[in-house]
Amino acid sequence: MMTSLARLKNCMRRAQDGAELTIGFLGGSITQGSLATKPENCYAYIIFSWWKQAFPNTVFHYVNAGIGGTTSHFGAARIQTDVLMYQPDVVIVDFSVNDDANVFFQETYEGVIRTLLAWNSNPAVLLLNNVYYDTGKTAQDFHNEVGDWYQIPHVSIKDTLYKSMNAGMYTREELTPDGLHPNDKGHALVAAELITFLENVKAHMYEGIEETLASNPLPDPLTANAYEHANCLTIREIAPQLIGFRADTQEKTGHLDFFKNGWIGQKAGDKIVFKVTCSCIAVQYRRTIKRPSLCAAVVLDGDSKHAVILDGSFDEDWGDCLALEPVLHHGEYKEHRIEITITDTFKNVQATPFYILSLIVA
């Protein structure tokens, strides 16, 4: 495998010369900092701090676009508003424990990577692969195929920290209370693996011929690549027909303030109808721990025999979930009609309303 360090070395040279840089992170709950006792103990902030310490004459800016429970499918649709709008110079990406290890998520992941590499700030991209500490589960093999295709460096926690744990250097409980999310020590050790890599690159940052985008255009995609230009259609981008559903007028305060400015269905029969031109469609909705919650049926282009049921109840207890349900993948590129109808009637029980956040289309 050939890995290109040109973009990363270029950022380090610019930092050494005092250029102002933005360091971004895109991923799920581990990137967001779940189970760290304070934001500064998250691996992402520790890496940001390394850049400041390694290049003390430079001003750095920190962008953490981690959202718990989300995959690269959503990442491909939100990357511009959550990361790229800040014109990042370096972006570390990790969806390895939220994506399933399959070709669908390999394709959505490639959408993230190609969008990053083609962005006009020419960010250096580094892939991080976290792991389930109880099982060793990770999507890293599918993700690293994408990374290798684009010669992007990657750091594997399965091949380093997880391996050390299995060799007896650490117990699982020292690293994570739930088998997935690192505690403060776990975050520090994840960061240490990234820092080892970064220190090695820094030690050789003036070696080698500096490559340019002009001499290294993006190769043809590895996958069918339908998600490179994915879009998130929210209340600001689309005005569906509301038949019982209502628009939520509460404004969001940031990218982690999820359940506002969506569409709410409160009783059986409430309906919302979207019309979009695309070939891939997914519905993003809330699954809540405030059970029971109303459910909904999604009918695509009038095909009620193959309706997709969206269950608004979440059977875990860590919090409400941003669920994303594909209803069309590599379909015909045309205008599609998506009709979502509340199906449940709970007699003598106050059910939580059904909440739609967006359509993800590509």
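This report describes selected residues, helix contacts and backbone features of a predicted model.

Residues are numbered from 1 along each chain as its sequence is written, and side-chain values use heavy atoms, with hydrogens and water left out. Because the model is predicted, local features need pLDDT of at least 70 and side-chain atom pairs count only at pLDDT 80 or more, while totals for chains, interfaces and linings use all residues.

## Helix pairs

Helices (H or I, at least four residues) and strands (E, at least two) are DSSP runs, numbered from the N terminus. Two packed helices are described by the angle between their axes and the distance between the axes. Axes are lines fitted to C-alpha atoms, for helices over the stretch in contact, and angles run from 0 to 180 degrees between N-to-C directions.

The axes of helix 3 (residues 43-54) and helix 9 cross at roughly 35° and come within 9 Å. This crossing of helix 3 and helix 9 is right-handed; a crossing is right-handed if the near helix is turned clockwise from the far one by less than a right angle, and left-handed if anticlockwise. On the helix 3 side, the residues that meet helix 9 are Tyr43, Ile46, Ile47, Trp50, Trp51 and Ala54. Their counterparts in helix 9 include His187, Ala188, Val190, Ala191 and Leu194. Contact means heavy atoms within 4.5 Å. By class, the contact of helix 3 with helix 9 has 12 nonpolar, one polar and two charged residues. For these classes, Ala, Val, Leu, Ile, Met, Phe, Trp, Tyr, Cys and Pro count as nonpolar, Asp, Glu, Lys and Arg as charged, and the others, Gly among them, as polar.

Helix 5 (residues 103-118) and helix 6 (residues 140-149) have axes that come within 9 Å and cross at roughly 40°. Helix 5 and helix 6 are therefore oblique to each other; angles under 35 degrees count as roughly parallel, over 145 as roughly antiparallel, 65 to 115 as roughly perpendicular and the rest as oblique. Helix 5 passes helix 6 in a right-handed crossing. Helix 5 contributes Val103, Gln106, Tyr109, Glu110 and Ile113 to the contact, and helix 6 contributes Phe142, His143, Glu145, Val146 and Trp149. This contact of helix 5 with helix 6 has six nonpolar, two polar and two charged residues.

## Burial and individual residues

Buried means under 20% relative accessible area, exposed over 50%, and partly exposed in between (1.4 Å probe, protein chains only).

| Residue | Relative accessible area | Class |
|---|---|---|
| His187 | 0% | buried |
| Asn225 | 13% | buried |
| Arg337 | 33% | partly exposed |
| Asn122 | 35% | partly exposed |
| Lys290 | 57% | exposed |

His187 lies in helix 9 (residues 184-203). A polar atom of the His187 side chain lies 3.0 Å from the backbone nitrogen of Tyr43. A polar contact is a pair of N or O atoms within 3.5 Å; within protein, one must be able to donate a hydrogen and the other to accept it, and residues adjacent in sequence count only if both atoms are side-chain atoms. Leaving aside neighbours within four places in sequence, the contacts of His187 include Ile30, Gly33, Asn41, Cys42, Tyr43 and Pro182.

Helix 4 (residues 72-82) is mostly covered, with nine of its 11 residues buried. Among them are His73, Phe74, Arg78 and Asp82. At the start of helix 4, a side-chain oxygen of Thr71 is within 3.2 Å of the backbone nitrogen of His73.

Arg337 is found in strand 15 (residues 334-342). The side chain of Arg337 makes a polar contact of 2.6 Å with the side chain of Glu339. Not counting residues up to four places away in sequence, Arg337 touches Val273, Phe274, Lys275, Val299, Leu300 and Asp301.

## Loops and backbone

Asn122 has a positive phi of about 50° although it is not a glycine, and Asn122 lies in the loop between helix 5 and strand 4 (124-129). Asn225, also not a glycine, has a positive phi of about 60°. The place of Asn225 is the loop between helix 9 and strand 6 (231-233).

The loop between strand 11 (281-287) and strand 12 (295-300) holds Pro292. The peptide bond from Arg291 to Pro292 is cis, with omega near 0°. Lys290 lies in the loop between strand 11 and strand 12. Leaving aside neighbours within four places in sequence, Lys290 is in contact with Asp320 and Thr352. The C-alpha atoms of Lys290 and Leu21, 269 residues apart along the chain, are separated by 42 Å.
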